[in-house]
Amino acid sequence: ENEVIPIKLLDTDTISQAKEKILDALYKNTPVSRRPQLGEVDLELRRGNAGIKLYDHDPNSEKDGDWVRINTLGHYKLDQMSQEHAKNPKNPQPRFKLSARAEVALDSTSFDTIGAILARNYQDSIVLSVEGGTRFYHLTRPEVVNEAAGGEGGTQRQGKKIMSEVFLTRLLATKRILQSYVDDLFQALFTVPGNIALPKAIKYLFDFLDLQAADMGISDPEVLHTWKTNSLLLRFWVSLIKNPEFAFDIHKSATVDSCLSVISQAYIDACSTSETKYTKDTPSSKLLYVNEVRGYKTHIQQYYNTIQSLPKMEKMEMDEYLKEGTQTNQQYFVTESALYELAKYGIMYSAEVAAALNEDGLTDTVQTFEDVVKGLNPQHN
């Protein structure tokens, strides 16, 4: 049974953007590594038995000097064709056909365009690429000053520019839509669970940092807060939020990347013990989470305090936990690779490691360490 999948396209979409939306709809539950790439498929506009392949730029693209406007769906007058068919059904109905350039399996190939064109040109200037002196732009020529060589006396062209304030309403609306998800993620990451045990690695790491601070006579709570923040929140969670493709087989578009950067920055600000100063020059994307960051700061400190109050984890318990984890996931570990990375670290910081071992009174271990380093790096003295 054929399934009808509605796909919303804009007449401002480039051909690549249209192909990406179609592929996203067809393969929404498929890992990106198993999906056809944009360069592997062609988008064809068919009317009756006739059809033409659509490209981002071709000999019929609009040109102005060395500037070339990227073709959009509006360039091919799809809305006009759909209206003609609606008025007179004898006129062929325009349809899209997505076909593979190579041997790429596609679940579906044809899509009606009636009712799919939703918007007009409203986006800001976007320069996509420069090839051989030819400059490509999406919708509106970007601002260009002194095009002629030498600057003075050159022809000045002023492209259309939309003020950033125009997008403020949409920015706030997008934040309202996403806010519950951002809050849920924050609560999941920085709350000690009541019904399940806190990951042992986090407890052991934080206990170790507490012990180091005590041994070194560090009483400033901000120092310990910074250690814990750098070791877990910033190094691990913020990095994963900013780059979800590290853990998931997904495609991260430029738009999604910019949104995740805003959320990541809010979490980074929440981890700081100092008050962030905001001025008139602070970007609006950073101002979005001013109120939330204040609450996040308090929550993170409570998170640290709660972990500190839990019973201390003994080294034997942690060793058993690591052994169990290694046995369970041994098919995912490459011992040689891990040893290689440790060897690089040991060679690079051999003097510092030896000094630290001596300071801790582990003189026998120092000699063993130096022998290992010499074996790995014969040039080491």
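Lysine 252 pairs with glutamate 245 in a salt bridge, with 3.3 Å between the closest N and O atoms. A salt bridge here is a side-chain nitrogen of Lys or Arg within 4 Å of a carboxyl oxygen of Asp or Glu. This is a predicted model: local features need pLDDT of at least 70, side-chain atom pairs count only at pLDDT 80 or more, and totals for chains, interfaces and linings use all residues. Residues are numbered from 1 along each chain as its sequence is written, and side-chain values use heavy atoms, with hydrogens and water left out.

**Salt bridges**

- The whole structure holds 13 salt bridges.
- Lys242, Glu245, Lys252 and Asp257 are linked in a salt-bridge network.
- Lysine 252 is buried, at 19% relative accessible area. Glutamate 245 is partly exposed, at 29%. Buried means under 20% relative accessible area, exposed means over 50%, and partly exposed lies in between (1.4 Å probe, protein chains only).
- Lysine 21 and aspartate 13 also join their side chains in a salt bridge, at 2.8 Å from N to O. Lysine 21 is partly exposed, with 29% relative accessible area. Aspartate 13 is buried, with 3%.
- Glutamate 317 and lysine 200 form a salt bridge at 3.7 Å, N to O. This pair links distant parts of the chain, 117 residues apart: glutamate 317 sits in helix H9 (residues 315-328) and lysine 200 in helix H4 (residues 200-215). Helices are DSSP runs (H or I, at least four residues), numbered from the N terminus.
- Glutamate 317 is partly exposed, at 37% relative accessible area. Lysine 200 is partly exposed too, at 30%.

**The largest pocket**

- A pocket is an open set of points on a 1 Å grid over the protein atoms alone, where a 1.4 Å probe fits, with protein on both sides within 12 Å along at least five of seven lines; lining residues have an atom within 4 Å of a point.
- The lining has 42 residues, and Ser253, Thr255, Val256, Ser258 and Cys259 lie nearest the pocket centre.
- Helices H1 (15-26), H3 (168-189), H5 (221-242), H6 (254-271) and H7 (284-287) each supply at least two lining residues. H3 gives the most, with 9 residues.
- By class, the lining has 25 nonpolar, 10 polar and 7 charged residues. Nonpolar covers Ala, Val, Leu, Ile, Met, Phe, Trp, Tyr, Cys and Pro; charged covers Asp, Glu, Lys and Arg; the others, Gly among them, are polar.

**Surface patch**

- Ile177, Leu178 and Tyr181 make a nonpolar surface patch of about 340 Å². Patch residues have over 30% relative accessible area and no salt bridge, and nonpolar side chains (Val, Leu, Ile, Met, Phe, Trp, Tyr) are joined within 5 Å. Accessible areas come from the Shrake-Rupley method with a 1.4 Å probe.
- Isoleucine 177 lies in helix H3. Isoleucine 177 is exposed, at 59% relative accessible area.

**Buried residues**

- Leucine 189 also belongs to helix H3. Leucine 189 is buried, at 10% relative accessibility. Its C-alpha atom is 9.8 Å from that of isoleucine 300, 111 residues apart along the chain.
- Valine 373 is part of helix H12 (residues 363-376). Valine 373 is buried, at 3% relative accessibility. Its C-alpha atom is 7.5 Å from that of alanine 343, 30 residues apart along the chain.

Note on methods. Patch = residues over 30% accessible without salt bridge, like charges linked within 9 Å, V, L, I, M, F, W, Y side chains within 5 Å.
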